[in-house]
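I opened this entry to keep track of what I looked up, one spot at a time. My notes follow the order in which I went through the chain.

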Amino acid sequence: MKTLLRLAQAAGVLLALTANAVADEPLKIATSAGPVGQLAAFAAKLAKDKGQDVKIVELSDWVALNEVVNSGDVDANLFQHATYLAIQNKQRGFNLVQVDKVGVIAPVGLFSKKIKSLDEIKPGDSVAIPNEPLNGARGLILLERAGLIKLTPGKGFSVSRFDHREPQEPEDRRTRSGPDLSLARRRHAALVNITYLIPAGGDPKSALLIDRTVDDGLVLRFTARPDKKDDPRLKAFIQVFNSPEVKKFIENKLPAFIPAGFSS
């Protein structure tokens, strides 16, 4: 009995040492390069001031951003919304989950180097939309909200250019790898996600129209494996992220981005 007790005590000490070792490791957060990466880095600096070590890993490959979480190479990521996550979980066989309600929305906007207002867009004018299905759908929905086109109702984010019910059809062009501002010069206007616009030197304030819709399915939130979502280090960092300082950073330093889910 004494031997079993000593073994149990030794196991308890080993467990405690292992837990402490994990707690001492820096929290690793993968994020996309550009404005979202800047946001994560700002929050990591705040966390460091509070004594927490957070390492930000920027990646340009959106698939890899989820793969490194799924493999355990990083603890969580910050770059995607629930709509995109659901697609990735289904297509890639992941089981990743959002960790908290706090996050930010990166809108899509309509930009042009030729015209200055929506009133100048006429029937037959060319409008480029992203070739990537989800952002393309967001662009089409924005065009419909602007009264420029009509779409087949009830499609949601599965809508495509083939659901356009007007004779003039937005051209489908690839902008996913980054906003091609010359695209807006060659045509009348282009729909671009703000996440791509800012790193390319574009100014969100120059938009003909910005989608300011607050849709819960479009909030970029922290994502992790189910076994990691309750990690005390991750919860501590999200608590730092969910602060007035981070919200103010979004409002002042990331034009057009919309803070969402903040407690204050």
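I looked up what Thr195 touches, leaving aside its neighbours within four places in sequence, and found Pro35, Ala106 and Phe257. This is a predicted model, so I take these contacts as the prediction gives them. I placed Thr195 in helix H7, which covers residues 194–197. Is Thr195 buried or exposed? Its relative accessibility is 8%, and because the cut-off for buried is under 20%, Thr195 counts as buried.

I went to residues 244–253, which form H9, and asked which of its residues are buried. I noted Val246, Phe249 and Ile250. These residues sit on the same side of H9, because the arc they cover around the axis is only 95°. An α-helix has 3.6 residues a turn, so residues three or four places apart point the same way. On the face of H9 turned away from the buried side I found the exposed residues Pro244, Lys248 and Asn252. I then looked up what the buried residues of H9 pack against.

I stopped at Ala256, in the loop between H9 and E11. Its phi is positive, about 85°, although Ala256 is not a glycine. I also checked its cover: the relative accessible area of Ala256 is 17%, so I wrote it down as buried.

How do the axes of H3 (residues 62–71) and H4 (residues 82–92) lie to each other? They come within 11 Å and cross at roughly 70°. I therefore recorded H3 as roughly perpendicular to H4, since angles of 65 to 115 degrees count as such. On the H3 side of the contact I listed Trp62, Val63 and Asn66, and on the H4 side Tyr84, Gln88 and Arg92. Sorted by class, this contact has three nonpolar residues, two polar and one charged.

I ended with the totals. The protein chain has nine helices and 11 strands. Of its 264 residues, 47% are buried. I looked at contacts between residues at least 6 apart in sequence, and 72% of them join residues at least 24 apart. The chain exposes about 13,400 Å², with 52% of that supplied by carbon and sulfur atoms.

Technical notes. Residues numbered from 1 in each chain as written. Predicted model: local features only at pLDDT ≥ 70, side-chain atom pairs only at ≥ 80, totals over all residues. Heavy atoms only, no water. Axes fitted to C-alpha atoms, helices over the stretch in contact; angles between N-to-C directions. Helix = DSSP H or I, 4+ residues; strand = E, 2+ residues; numbered from the N terminus. Parallel < 35°, antiparallel > 145°, perpendicular 65-115°, else oblique. Contact = heavy atoms within 4.5 Å. Nonpolar A, V, L, I, M, F, W, Y, C, P; charged D, E, K, R; others polar. Buried < 20%, exposed > 50% of the residue type's maximum accessible area, 1.4 Å probe, protein only. Arc of directions from axis to C-beta. Areas by Shrake-Rupley, 256 points an atom, 1.4 Å probe, with all protein chains shown as cover.
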